[in-house]
Amino acid sequence: MTAPTASLRRCVCPGSYDPVTHGHLDVVHRATELFDEVVVAVLTNPAKPGLFTPAERIDLLEASLDGAPRVRIAEVSGALLVDFCRAVEAVAVVKGLRSGTDFAYELPMALMNRHLTGLETVFLPGDPRLEHVSSSLVKEVAGLGGDVTGLVPDVVRDRLLDRLAERRGERGA
């Protein structure tokens, strides 16, 4: 058995976070119990513009995490996740799973990441109370006038409602 090293064990929690939900925050907070540092990686996809800009997503994450210890947030654009993980010296990617469908979607990416660089992926089962929560559904429900209170932090709910109203032309800039 080898002696434990004094090096920092860092993971990356990647996602679009458009917008951040209580499900995302649950995974990030639980990852801090397993790793010394958690890097929340805000991913951008130029082919799929989000409701919020990457800078706005980072602001919402910062407000939602409210200074959580051992968590930092970074934008990842135009790079492979494994390259970002190598740059920040992460030992693993942490992904939350709500269902078997999430696992089926995430497994090929996890295997490709391991194939490319040996980077491991840790899957955390989501909180069953949040199993139905996704950023896409939150945006859809809010856009149709439904109440998303309790699915996202209040600051996110308020910004989401403002953004949707702006898009409908209901409020001035």
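Residues are numbered from 1 along each chain as its sequence is written, and side-chain values use heavy atoms, with hydrogens and water left out. Since the model is predicted, local features need pLDDT of at least 70 and side-chain atom pairs count only at pLDDT 80 or more, whereas totals for chains, interfaces and linings use all residues.

Helices (DSSP runs of H or I, at least four residues) and strands (runs of E, at least two) are numbered from the N terminus. Helix H2 (residues 54-65) packs with helix H6 (residues 154-168) at an angle of about 150°, their axes being 9 Å apart; the axes are lines fitted to C-alpha atoms over the stretch in contact, and angles run from 0 to 180 degrees between N-to-C directions. That makes H2 roughly antiparallel to H6, a term for angles over 145 degrees. In this contact (heavy atoms within 4.5 Å), Glu 56, Leu 60, Ala 63 and Ser 64 of H2 meet Val 155, Val 156, Arg 159 and Arg 163 of H6.

In helix H5 (residues 135-143), Ser 135, Val 138 and Ala 142 are buried, that is, under 20% relative accessible area with a 1.4 Å probe and protein chains only. They cover an arc of only 60° around the axis, which puts them on the same side of H5, the arc being that of the directions from the helix axis to the C-beta atoms. The buried residues of H5 pack against helix H1 (22-32) and H6, and H5 is followed by Gly 145, whose phi is positive, near 90°.

A nonpolar core is a set of buried Ala, Val, Leu, Ile, Met, Phe, Trp, Tyr and Cys residues joined through side-chain atoms within 4.5 Å. The largest one has 33 residues, of which Cys 13, Val 38, Val 40, Leu 65, Val 94 and Leu 160 touch the most other members. A second, separate core of 13 residues includes Phe 84, Cys 85, Val 88 and Val 93.

Glu 131 and Leu 97, although 34 residues apart in sequence, are 8.5 Å apart in space, C-alpha to C-alpha.

Technical notes. Parallel < 35°, antiparallel > 145°, perpendicular 65-115°, else oblique. Buried < 20%, exposed > 50% of the residue type's maximum accessible area, 1.4 Å probe, protein only.
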